[in-house]
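Work through the exercises below with the sequence and the model side by side, and try each task before reading its solution.

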Amino acid sequence: MRHLLLATAFSVITISPAIAETITKDEVLKAQDAWAAGIVKISKAYIDGEDYRAVAEQHINDLYAYGKTDVLFKPTLAADDQFRETYEDALSYFVGGVIEEDKGFAIKPWINARFDGEQHIAIHDDYAVSMGNYFFTPQGSDVEQKVEFTFGYLKDEDGDLLINVHHSSLPFVPEKPAE
């Protein structure tokens with residue numbers, strides 16, 4: 001059986017012809033829903049005194065391409081160690097741990113997370129990139145925190161979308177002119 005090589009800007013991985021099919025917009029939206037639900041699930045486990053670290057590990061295992069190809073992850077609240085190249089670094093960002101600045105983004109805790117419907121999705125056969133805003137609602141508040149994102153997706157050997165690019169940042173706030 002002939003295999004295709006998928007070359008991204010990050011690495012080359014081999015994909016079976018059965019998997020090397022066009023990604024759809026619906027698949028991207030489904031992956032985003034799973035990501036948002038996973039953040040809330042980690043937070044709920046934290047609130048309920050459950051093993052939130054195990055929930056975060058499952059979130060990363062299910063949704064990110066760590067161990068399969070390079071992952072470029074620039075989390076929202078990372079300043080000193082801005083780029084998370086390893087699984088352990090990503091886990092630290094979500095629940096705290098090996099990187100000192102990490103306070104556990106996913107255990108804020110959040111009661112809701114959602115992607116804005118006005119995002120942009122570019123599909124290039126077996127690779128997709130989405131860009132837009134997503135919103136997080138902290139426990140005890142009804143005020144959403146707006147965050148800008150760019151996610152890159154590829155398919156794994158089972159045909160599931162995995163994130164290999166994740167960039168998040170807070171929106172720019174211009175300085176008010178001096179009066």
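Two exercises with worked solutions follow. This is a predicted model, in which local features need pLDDT of at least 70, side-chain atom pairs count only at pLDDT 80 or more, and totals for chains, interfaces and linings use all residues. Residues are numbered from 1 along each chain as its sequence is written, and side-chain values use heavy atoms, with hydrogens and water left out.

**Exercise 1.** Find which residues of helix α2 are buried, and explain how they are arranged about its axis.

*Solution.* Begin with the helix itself, which covers residues 52–63 and reaches 16 Å from its first C-alpha to its last; helices here are DSSP runs of H or I with at least four residues, and strands are runs of E with at least two, numbered from the N terminus. Next, pick out Ala56, His59, Ile60 and Leu63, which are buried, meaning under 20% relative accessible area with a 1.4 Å probe, protein chains only. Seen down the axis of α2, these buried residues fall within an arc of 90°, so they line one face of the helix, the arc being that of the directions from the helix axis to the C-beta atoms. Finally, their cover includes α1 (25–47), α3 (87–95) and β8 (161–169).

**Exercise 2.** Describe how strands β5 and β6 pair, and examine the residues between them.

*Solution.* Strand β5 (residues 120–124) pairs with β6 (residues 127–138) in the antiparallel sense over five bridges, where pairing requires that DSSP finds at least two bridges between the strands.

Key. The expected span of a helix is 1.5 Å times one less than its number of residues. Buried means under 20% relative accessible area, exposed over 50%, partly exposed in between (1.4 Å probe, protein chains only). Contact means heavy atoms within 4.5 Å.
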